[in-house]
Amino acid sequence: YRKAISQARSEILIANAYFVPGRKLRCALVHAAQRGVRVRLLLQGRYEYFMQYYAARPVYGVLLEAGVEIHEYAASFLHAKVAVIDGQWATVGSSNLDPFSLLLAREANVVVRSKAFARELRAGIVHAIEHAGKRMDAAEYTARPLRQRAFEWVAHAVMRLALWLQGKSYL
């Protein structure tokens, strides 16, 4: 993901159910947006697992400030784990962009370098964004109640602590 994102020139589309990216992935997305790449994320709009849903929220601010578009999927639960970059690089798999999937779970994605495949996958993501997504407004995000923001930060901290503890158990 990070290599493809760093090489992106025009568009990054990511649809992912549980999106709690680490610092390096967040920075890669921010840098892409800052260099003029259109970055659109289709993320979970309703929660199936409250911890992942709320733990994701604190990272949205820096992305929105950089011009990353965040769309929340509202039609049902989102289980997608796909991305298309510049209409030629695509990935499909079982890995969410959260620390548990990336570091602890046995997940796998396939990278496909095919313009035809990427075009079809892109069309599906764009259709979902346009017909079942609700674009997150940066001003609304910033104005959310203090209680909600505190809850989100607690969920984020608990998730990071759980990851740290789980990592220690492997030593």
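**Reading a predicted model: buried residues, helices, cores and spaces**

Biologist: Why does Arg 40 count as buried?

Modeller: Arg 40 has a relative accessibility of 5%, and the word buried is used for anything under 20%, so Arg 40 counts as buried. Bear in mind that this is a predicted model, and that the value is computed from its atoms.

Biologist: Where does Arg 40 sit, and what does Arg 40 touch?

Modeller: Arg 40 belongs to strand E2. Leaving out residues up to four places away in sequence, Arg 40 touches Glu 11, Ile 12, Leu 13 and Ile 14, then Glu 69 and His 71, and finally Arg 122, Val 126 and Ile 129. Contact here requires heavy atoms within 4.5 Å.

Biologist: What makes Leu 29 a buried residue?

Modeller: The relative accessible area of Leu 29 is 0%, and the cut-off for buried is under 20%, which means that Leu 29 is buried. Leu 29 lies in helix H2, and apart from neighbours within four places in sequence it is in contact with Ile 5, Ile 12, Ile 14, Phe 19, Val 39, Leu 63 and Val 68.

Biologist: Which other residues of H2 are buried, and how do you know that the length of H2 fits a helix?

Modeller: Along with Leu 29, the buried residues of H2 are Leu 25, Arg 26, Ala 28, Val 30, Ala 32 and Ala 33. As for length, H2 has twelve residues, which at 1.5 Å a residue should span 16 Å, and the end C-alpha atoms are 16 Å apart, so the two values agree. After H2 comes Gly 36, with a positive phi near 100°.

Biologist: How do you know that the span of H6 agrees with its number of residues?

Modeller: Helix H6 runs over residues 115-132, and its 18 residues should span 26 Å at 1.5 Å a residue; the C-alpha atoms at its ends are 25 Å apart, and therefore the span agrees. Within H6, the buried residues are Ala 118, Leu 121, Ile 125, Val 126, Ala 128, Ile 129 and Ala 132. The elements covering them include strands E1, E2, E3, E4, E5 and E7.

Biologist: What makes a group of residues a nonpolar core, and which residues touch the most other members of the largest one?

Modeller: Members must be buried nonpolar residues of the listed kinds, joined through side-chain atoms within 4.5 Å. The largest such core has 36 residues, and Ile 5, Ile 12, Val 39, Leu 41, Tyr 60 and Ile 70 touch the most other members. Elements that each supply at least two residues include H1, E1, H2 and helix H8, and H2 gives the largest share, six residues. Apart from this core lies another, of 15 residues, among them Leu 13, Val 82, Ile 125 and Val 126.

Biologist: Why is Ala 55 called buried, and what is it in contact with?

Modeller: Ala 55 stands at 0% relative accessibility, and therefore counts as buried. Ala 55 lies in helix H3, and, leaving aside neighbours within four places in sequence, is in contact with Val 20, Glu 152, Ala 155, His 156 and Met 159.

Biologist: How many cavities of 30 Å³ or more does the search find, and what lines the largest cavity?

Modeller: The search of the whole structure finds one, and the space in the largest cavity is about 50 Å³. Its lining consists of Ala 17, Tyr 18, Phe 19, Leu 43, Gln 44, Gln 52, Tyr 53, Ala 56, Arg 57 and Tyr 60. H3 contributes the largest share, three residues. By class, seven of the lining residues are nonpolar, two are polar and one is charged.

Biologist: How much space lies in the second largest pocket, and which residues are closest to its centre?

Modeller: That pocket holds about 220 Å³ of space. Of its 13 lining residues, Lys 3, Ala 4, Gln 7, Trp 89 and Arg 113 are the closest to the centre. The lining divides into six nonpolar, four polar and three charged residues.

Notes:
Residues are numbered from 1 along each chain as its sequence is written. This is a predicted model: local features need pLDDT of at least 70, side-chain atom pairs count only at pLDDT 80 or more; totals for chains, interfaces and linings use all residues. Side-chain values use heavy atoms; hydrogens and water are left out. On a 1 Å grid over the protein atoms alone, a cavity is a set of points where a 1.4 Å probe fits but cannot get out, and a pocket is an open set with protein on both sides within 12 Å along at least five of seven lines; lining residues have an atom within 4 Å of a point. Grid points are joined across faces, edges and corners, and a volume is the space filled by probe spheres set on the points. Ala, Val, Leu, Ile, Met, Phe, Trp, Tyr, Cys and Pro count as nonpolar, Asp, Glu, Lys and Arg as charged, and the others, Gly among them, as polar. Helices (H or I, at least four residues) and strands (E, at least two) are DSSP runs, numbered from the N terminus. The expected span of a helix is 1.5 Å times one less than its number of residues. Buried means under 20% relative accessible area, exposed over 50%, partly exposed in between (1.4 Å probe, protein chains only).
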